[in-house]
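These are my notebook entries on one chain. I looked things up one at a time and wrote each down as I went.

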Amino acid sequence: MPIVAQSTETTDWVSRFADEVIEESERRAPGKPVVVASGLSPSGPIHLGNLREVMTPHLVADEIRRRGYQVRHLISWDDYDRYRKVPAGVPGVDESWAGHIGKPLTSVPAPQGSPHANWAEHFKAAMIESLAELGVEFDGISQTAQYTSGVYREQILHAMRHRGDIDAILDQYRTKKAPAKKQQQKPLDEAELEAAEGSGAAGEDDGSSGAAGYFPYKPYCGNCEKDLTTVTSYDDDSTELTYACTACGFSETVRLSEFNRGKLVWKVDWPMRWAYEGVVFEPSGVDHSSPGSSFQVGGQIVGIFGGKQPIGPMYAFVGISGMAKMSSSKGGVPTPADALKIMEPQLLRWLYARRRPNQSFKVAFDQEIQRLYDEWDRLDAKVADGSVLPADAAAHSRAVRTAAGELLRTARPLPYRTLASVADITAGHEDQALRILSELDPEQPLTSLDEVRPRYDKAEAWINTHVPADQRTIVRDEPDAELLKSLDEASQQSLRLLLDGLAEHWSLDGLTHLVYGVPKVQAGFSADATPKELPAEIKSAQRAFFALLYHLLVGRDTGPRLPTLLLAVGQERVRSLLGE
């Protein structure tokens with residue numbers, strides 16, 4: 001009997017789904033482990049949109065584990081699916097890979113230079129590594145292994161015996177066409193499969209419909225390995241099946257009760273697995289949830305296999321700052337591994353935990369990542385002081401730990417934008433980075449960069465890979481004598497006020513107070529005056545003062561936060577560049 005921990009996190013979407021899934025699992029399979037599932041196709045880079053397919057059930061499964069229940073989170077690797085197209089932008093892949101279209105993904109060579117055995121294993125490996133870093137516990141199931149070892153043989157034979165029932169369900173959703181001249185049926189080619197996305201076929205060939213009738217099973221050709229095959233005859237009693245390949249002309253007769261080189265078509269395969277594994281919870285993307293799509297049709301077909309449709313929330317797309325909807329086939333899409341190079345796993349988990357599945361959101365690879373980190377750090381502080389709202393506390397808890405324990409975190413999480421600025425200015429010189437960071441808080445000086453890792457490494461990676469060269473910070477070698485000579489008395493006075501206060505204010509907080517205070521003092525106010533006590537013109541004066549400092553230090557209108565920049569440049573060099 002599970003020990004049910006009374007959760008205080010009842011206001012978040014994860015807890016609500018966990019309640020529903022536990023109740024449904026007890027109804028369907030009392031006393032057995034709760035089964036949740038995800039499906040991933042290693043047809044190309046597995047991107048951050050695909051990650052929602054995993055994170056949604058992971059978060060629910062983890063909440064159920066926290067309550068003391070046994071849970072299995074299945075990740076079905078759809079590596080026995082057909083290779084549909086050559087993804088753009090994959091290193092080590094050229095147009096010759098088009099010759100493998102139609103083969104199982106595990107029969108396609110890995111990109112050149114890959115240490116992995118085949119195409120599917122190459123793209124699975126990166127995802128498995130990322131899931132480990134994210135703390136995702138799962139049971140991986142290779143569909144190639146399942147089909148080729150005969151695990152699904154009885155399910156395949158059952159589907160063939162009930163092919164008429166399956167065909168009748170599918171026919172409710174097929175696109176209706178006006179009567180036309182009868183043409184010979186043939187398997188859908190790649191272009192037709194793509195075009196079918198908007199029709200009742202939802203992007204997948206739903207079976208072989210030749211002169212012999214409908215069949216929910218596709219053999220892979222025994223000669224060319226492709227699935228461009230049509231079943232021409234089948235006998236239910238002997239299970240004798242004959243097929244012909246339109247790609248190479250090969251044909252053969254086999255006994256399906258002994259044949260392991262083929263698979264059920266997608267709209268039959270998915271509900272078959274729901275029944276076989278006893279899946280209670282599996283989300284699906286909006287592309288699988290529209291009328292006539294896989295999830296809706298599967299809800300009817302699953303009954304043929306004696307199962308029930310899982311609880312299946314639709315999840316919305318995940319975007320990238322500055323990019324359109326992601327697609328593995330178009331290439332160049334950021335993967336979880338790409339995100340984890342520039343952000344800690346806690347932040348990435350939080351992005352998926354804080355939004356309900358039907359809410360879209362974006363993962364930031366541009367300057368927005370600094371704002372996200374600021375927001376995360378504020379949440380962290382609220383959790384620490386007890387002022388956090390319950391739903392936010394729940395999302396934070398799911399980000400920083402799993403039922404197995406806390407994720408590795410940065411010991412001293414200094415602001416990401418500060419770390420990025422230091423990494424930018426020091427250009428890989430760790431001794432200089434440590435010098436600057438140790439001066440941020442003179443009362444508790446940093447003694448090693450390890451204290452700010454892994455966050456510092458993530459910020460440095462972001463600077464080096466996602467900030468354009470023309471936005472990188474290069475400190476002047478010599479003072480801008482011409483600009484200094486042209487300054488009016490007010491500008492010269494502002495520089496003198498800054499220089500006079502440098503020694504006394506040489507810390508991050510001190511310099512922040514100083515640079516914001518100079519324009520206030522010049523206008524006759526106290527450096528401690530709050531915005532409410534100041535006229536609106538002070539903001540304009542501050543902007544002009546900041547622009548002047550940026551020009552004198554880095555030759556641009558903008559740059560890293562000035563307090564960080566001043567610390568990075570060093571007091572002696574700052575004095576020189578400002579004309580002392």
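**Entry 1: around helix H1**

I began with what covers the buried residues of H1, and the cover includes strand E1 (34-40), helix H2 (48-66), helix H12 (345-353) and helix H14 (390-400). I took contact to mean heavy atoms within 4.5 Å. Helices (H or I, at least four residues) and strands (E, at least two) are DSSP runs, numbered from the N terminus. This is a predicted model, in which local features need pLDDT of at least 70 and side-chain atom pairs count only at pLDDT 80 or more, while totals for chains, interfaces and linings use all residues. Residues are numbered from 1 along each chain as its sequence is written, and side-chain values use heavy atoms, with hydrogens and water left out.

Which residues of H1 are buried? I listed Trp13, Val14, Ser15, Phe17, Ala18, Val21, Ile22, Glu24 and Ser25. Buried means under 20% relative accessible area, exposed means over 50%, and partly exposed is in between (1.4 Å probe, protein chains only).

I then checked the length of H1 (residues 13-28). At 1.5 Å a residue its 16 residues should span 22 Å, and its end C-alpha atoms are 23 Å apart, which agrees. The expected span is 1.5 Å times one less than the number of residues.

**Entry 2: two of the covering elements**

I looked at H12 next and found 9 of its 9 residues buried. Among them are Pro345, Arg349, Trp350 and Ala353. Arginine 354 lies over the face of tryptophan 350, at 4.2 Å from the ring centre. A charge sits over a ring if NZ of Lys or CZ of Arg is within 6 Å of the ring centre and within 35 degrees of the ring normal.

E1 is mostly covered too, with 6 of its 7 residues buried.

How many bridges join E1 to E2? I noted 7, and the two strands run parallel. Two strands pair if DSSP finds at least two bridges between them. Leucine 40 stands opposite tryptophan 77 in E2. From E1 the chain crosses through H2 to E2, and this β-α-β crossover is right-handed. Right-handed here means that, with the strands pointing away from the viewer, the path from the first strand over the helix to the second runs clockwise.

I followed E2 (residues 71-77) onward to E3 (residues 139-142), with which E2 pairs in the parallel sense over 4 bridges. Tryptophan 77 turned up again here, opposite serine 142 in E3. The chain goes from E2 through helix H3 (residues 119-133) to E3, in a β-α-β crossover that is right-handed.

**Entry 3: aromatic rings**

I found 20 aromatic pairs in the structure. Rings of Phe, Tyr and Trp (its six-membered ring) pair if their centres lie within 6.5 Å; planes under 30 degrees apart count as stacked, over 60 as edge-to-face and the rest as tilted.

Why is the pair of tyrosine 373 and tyrosine 416 stacked? Their ring centres are 4.3 Å apart and their planes are at 10°, so the pair is stacked. Tyrosine 373 is in helix H13 (residues 368-385) and tyrosine 416 in helix H15 (residues 416-426), so I recorded a link between distant parts of the chain, 43 residues apart. Both tyrosine 373 and tyrosine 416 are buried.

I also looked up tyrosine 416 with tryptophan 462. The ring centres are 6.3 Å apart and the planes are at 55°, so this pair is tilted. Tryptophan 462 lies in helix H17 (residues 455-466) and tyrosine 416 in H15, so the pair ties together parts that are 46 residues apart in sequence. The relative accessible area is 0% for tyrosine 416 and 1% for tryptophan 462.

Elsewhere, Tyr80, Tyr147, Tyr152, Tyr220 and Tyr276 form one aromatic cluster.

**Entry 4: two single residues**

Tyrosine 315 is in strand E12 (residues 314-315) and is buried, with a relative accessible area of 12%. Not counting residues up to four places away in sequence, what tyrosine 315 touches includes Gly49, Arg52, Glu53 and Pro357.

Alanine 527 lies in the loop between helix H20 (508-522) and helix H21 (537-554). Alanine 527 is partly exposed, at 22%. Leaving aside neighbours within four places in sequence, I found alanine 527 in contact with His513, Gly517, Lys520 and Val521.

**Entry 5: the whole chain**

The chain has 23 helices and 16 strands, and 50% of its 580 residues count as buried.
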